[in-house]
Amino acid sequence: MGPVGADPVSGQVTGPLAAPNPFLGPVGTATMHGDAGSSDVTPLAGPAPGAPVTVYPLGAACPTLLEGSDGLVVALCTAIAGQAPTVFLLDPAAPGPLAGALTSLALTKGSLLGGVYAYLDNADRLVLVDGDRRLLRVAHERAADGGWQLSATEQADLSGAIPEGDNVTGLVPDWSGNVWFATGHGLVGLVNAAGRIETVALPSGEQIANSISAASNGAVAVASTHALYELAAKDGAPVVRWRAAYERGSARKPGQLSWGTGSTPTYFGPGTGEEYLALVDNADDQVRLLILASGSGERVCSVPVLTEGGPGSENSPIGIGNSVFVASTYGYPYPAVPDGAGPAVPATAPLRGGLTRVDLTPTGCAQVWDSPVRSAAVPKLSLADGGVHTLRRVGPETATPLDGYEYVVIDAATGAVRAATPLPGTVAQDPLQMAALTTHGGALLQGTVTGVVRVG
C-alpha cells in the first residue's frame, strides 16, 4: 500500500494548502515560508529549464523576499555597510542588473536575527518590528514625480513589553487580525488591532531563534531551543495550549544558528492542510523529524532523517498533505551566529548535504527517499510543477570561498535532480540558507549575501 496522501503508483505529492489567512497578502508569496503555516509550498510554477539569470547587487544580504498583489517585490535586507535593516522595492519584470531596485528605506538596527522575519499584509504592506521594538507597516506608493516611495507607519510601540537587549525574531498574523510575535529571549506576545499588547514568557533559559506559524483555528506554533509550543489567544492574551519537549542535543551543531531545533514549525495535513506540526530535533548523532498533532501536541511519529548526509537542519521543513521534506545544513559556513548561541561542537564539519522526504503512513511515518543534494537555501515545493526548488552549493565537501552555486529542481516524487542551472559568482553570491521567492510571473528570486539573484 502506498503512503497516505501520495499517489501509490507515481509517488507524486498531493495535498491541500491551509485556508488563506485574510490578513496576509497572496498565498505563496506573503511570508518567507509562503503562508501563515510556514508550509514552504507555493501554488506557483518555477522557471523553465535554461531560464536566464540576472544578478541584482544591492549591497545587502536579503533573507526576506515577498511579492504583493501588485506584482512588486518587497525585500527586507541587511545592509553590508552598517548592518542596518533596509527595505527595497523591486520590480521583478524590469530588465538589467540595477533597473529592478525602485527605491529603498533604512530602518533601525536590532540583533542578528531581529528584523529578518516579516510578512506582507492584505494591503501589500511589509509588517515587521525594527530595532527600536516598534511594530511597523511599510507601504509603497507612487510619488508626485511618478517614482516610487516607501513610508513606515507605527502600529504599536513594543518597547514597554520587550526588555532592552531583546529583539523580535518572528511574527505572524492570526485569523482574527492579531499580530503575534516572539523574541530571542523567549517572550511570546500579540498586538490587537487597537494596539493593545499582551505577552507570556516561556521558561527561563529558553530562546527563540526561528519564526512562528499560525493556523486558522487560532493556534500559533512556536519552537524554542528546548520545546515546541502551541498557543492561542484567550480573553485577548496569549496562553500556552501545550508544550512538547524535544531532544536538543549536547551543543549547537556547525551549520546551525542556535542550540536546539533550526525549524520554524510547519503546519500541514491531508484534510485541512494544518492538522499536524513538523519540526526537526537536534539529537547528537542522528536528527529526527517529529510530527505532532495540532490541538493536543500528541506525537504522531518520529523518524530519523538525513541518514546519508549531515545530521542537522537549520531550515523549516516543507509540509503538504502527508509528505514532509527536510534539508540538511550541517557544516554550512555561516559567517556569524547570534549572541548567546554558544560554540559549535565540533567547531566545523564537512558540508555533505542531504534532503529527505518522509510520508505519513497508516502505521506511522516512513522515509521515501534521501537525496545527497547540498542545499544552500531554504527549499520550496511547487504544487504546479511537482519540483522542490533550491540552490545547490558546488565544490569540495570542505566548503571554501571559491565554491559556486546552481539553481536545481528536484523531483518531489523520486528525489532525482531534474535540472540544474549554473549561477554566476562565488562567495559574493552565497545564498546563506535564505529562502527564495517564486513570483507570479514565473521567476525565482533568491537572496544572497550581497543582493538578489533572479532566474527567469
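**Exercise 1.** In what order do the 4 strands of the open sheet that holds β11 and β14 stand, and what is the pairing?

*Solution.* Before starting, note that this is a predicted model, in which local features need pLDDT of at least 70, side-chain atom pairs count only at pLDDT 80 or more, and totals for chains, interfaces and linings use all residues. Residues are numbered from 1 along each chain as its sequence is written, and side-chain values use heavy atoms, with hydrogens and water left out.

Step 1: Find the strands, which are DSSP runs (E, at least two residues) numbered from the N terminus. Two of them pair if DSSP finds at least two bridges between them.

Step 2: Read off the order, β11-β12-β13-β14, with antiparallel pairing. At the edges are β11 (168-173) and β14 (197-201), each pairing on one side only. From one strand to the next, the twist averages 20 degrees (axes are lines fitted to C-alpha atoms, and angles run from 0 to 180 degrees between N-to-C directions).

Step 3: Look at one pair. Strand β13 (residues 187-191) runs antiparallel to β14 and is joined to it by 5 bridges. Here L190 faces E198 of β14.

**Exercise 2.** Is G160 buried or exposed?

*Solution.* Step 1: Locate G160 in the loop between β10 (148-157) and β11.

Step 1: Apply the cut-offs: buried means under 20% relative accessible area, exposed over 50%, and partly exposed in between (1.4 Å probe, protein chains only).

Step 2: With a relative accessible area of 78%, G160 is exposed.

Step 3: Now take T390, 230 residues from G160 along the chain: the C-alpha atoms of the two are separated by 40 Å.
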